[in-house]
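Here is a friendly walk through one model, going from its strands to its core and on to its charged pairs. Have a look at the fold before reading on.

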Amino acid sequence: MKKTTIKDVAREAGVSISTVSNALNDVDVLKPETKLRILEVAERLNYVPNFNGRLLKAKKSNMITFLTTNVVGPYFYNLVEAMSLECESNHYGLNVVITKDKNTILSYIHGDRTDGVIIFEEFSITEREIKKMEKEGVKAVFLDREIESDTIGSVLFDSYKTGYDAAHYLLSLGHKDIAFIEGHLSMYDAQHRKNGFLAALEEQAIPFNDSYLLPGYFAERESYEAVKKFIETTPETIPTAFLASNDLSAIGCIKALQDSGYRVPEDISVMGFDDIDIAPYFVPPLTTVKNQVKEQGQRAVKQLLSMIDEEKLGHKELLPGNLVIRRSCYLNKNIGQ
C-alpha cells in the first residue's frame, strides 16, 4: 500500500505543501478553519509526518546517548530509569550504549547521531580528547569526573564527604580497627569514598592497617571472596568493622562473615553506600549512606538539555548523601578496653 505523503494531503485539502506544513507544525499564520480542514484531511488519509526529515533540517535528533561500560546492578537500573523518564517528559529519546571499545565511544561523542551525551567515565577519556570535545562544541555531562566548561558539565555524588561521614559514624561507635572494601579505583566514587574514609581516620590520629584494604570492585561476589580470603589468611587480626564502597559489596561482606561463623553486627559491624532497594530488607538491615541516584539521572538530563537548548553553560553539581542507620552496625563491645 502506497504511503500517504504531504503532497497527497495538500492536493486533497486544496492548499500548498507549505500551508500543510504550517498546519501540522502549529505555525500561527493560518485561519482556524483552514488549519482544521487540513488536520481533518491528514487524519482521514492516515498521514504520518516525516519527523526524521524535520529533525534533519533542524540539525537535531531529539536523542541523547548514555555511554557506559555496563548497566549491571541496582545503581544503573535506577539511574537509567530516571534518565529515561526525564527524557520522555522533555520529548527526547534515550539511547543507551554499552561498550568497552573506546573508538565506539568516541564515534558517538563526535558523530551526528545524537544531540548530546551522558558519560559514566570508565573509558580513560584523556584531557586532549576533552579539549577536542570542547572545541567541537560537543554537549556532554559526566557522572564520574569533575569537569565544567561551556559545553561540558558533571553531576556527581559528594563521595569524599560521605566517605568521611561514614567513617566518622563507625568511629563514634568506638570502632578503630576498620577494614575498607574498595571499588574500581579508576572510578570517581571509589577514589573519593576511600579518601574521605582515610581522612576521618587521620583526623583522629588512627593509623590505617594496609592489610585492611580489600578489593571489592563494587560487586557482591568479589567482595565475598576477598573477605573470605582475608579471614582465612589473617584470622588473628579481624577488624571490628567493615566499610564497603557500595551496598552490594557490603552484602557480600556480610555473607562471607556469616559463612565464617561471625555474627553481624554482634561480632563485626558492616556498612555500605547507596541505600539500594534491598538494603532495608536484608538480614540484618543494612546501615548505609543514601545517594540520590534518581536525582543524579534527572539532573544529568536536565543539565544536558539546558546546554543543547543554549540556556545554560556546563557546570558541576555535587549531590549530598544522607546517613541511614539500621541494624548492621553496633557499638564496639570492646570500647574503652
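A crossover is called right-handed if, with the strands pointing away from the viewer, the path from the first strand over the helix to the second runs clockwise. Helices (H or I, at least four residues) and strands (E, at least two) are DSSP runs, numbered from the N terminus. With that in hand, β6, helix α9 (residues 188–203) and β7 make a right-handed β-α-β unit.

This is a predicted model, in which local features need pLDDT of at least 70 and side-chain atom pairs count only at pLDDT 80 or more, while totals for chains, interfaces and linings use all residues. Residues are numbered from 1 along each chain as its sequence is written, and side-chain values use heavy atoms, with hydrogens and water left out.

**Strands and their partners**

Let us stay with β6 (residues 178–182) for a moment: five of its five residues are buried (under 20% relative accessible area; exposed means over 50% and partly exposed in between, with a 1.4 Å probe and protein chains only). On one side I178, F180 and E182 are covered, and on the other A179 and I181. Strands count as paired if DSSP finds at least two bridges between them. Three bridges join β6 to the parallel strand β7 (residues 213–215), where I181 stands opposite L214. Four bridges link β6 with β8 (residues 241–244), again in the parallel sense, and here F242 is the bridge partner of A179.

Strand β1 (residues 63–68) has five of its six residues buried, so the rest of the structure largely encloses it. It runs parallel to β2 (residues 93–98), joined by six bridges, and I64 has L94 as its partner in β2. Between these two strands the chain passes through helix α5 (residues 74–89), and this β-α-β crossover is right-handed. β1 also pairs in the parallel sense with β3 (residues 116–119) over four bridges, with T65 opposite V117.

**The nonpolar core**

In soluble globular proteins, nonpolar side chains tend to be buried together. A core here is a set of buried Ala, Val, Leu, Ile, Met, Phe, Trp, Tyr and Cys residues joined through side-chain atoms within 4.5 Å. The largest one has 26 residues, of which I64, F66, L79, I118, V141 and L143 touch the most other members. Two or more residues come from each of β1, α5, β5 (152–157) and α12 (293–308). Which element gives the most to this core? That is α12, with seven residues.

**Salt bridges**

Side chains of opposite charge can pair when their charged atoms come close. Taking a salt bridge as a side-chain nitrogen of Lys or Arg within 4 Å of a carboxyl oxygen of Asp or Glu, the count is 15. Three of them are listed here.

| Pair | N to O distance |
|---|---|
| K290 and D275 | 3.6 Å |
| E295 and R299 | 2.7 Å |
| R299 and E317 | 3.2 Å |

K290 lies in β10 (residues 288–290) and D275 in the loop between β9 (269–271) and β10, so the pair ties together parts that are 15 residues apart in sequence. K290 is partly exposed at 39%, whereas D275 is buried at 14%. D275, K290 and R326 are linked in a network of salt bridges.

E295 and R299 are four residues apart in helix α12, about one helical turn. R299 is partly exposed, with a relative accessible area of 31%. With R299 in α12 and E317 in strand β11 (residues 316–319), their pair ties together parts that are 18 residues apart in sequence. E317 is buried, at 14%.
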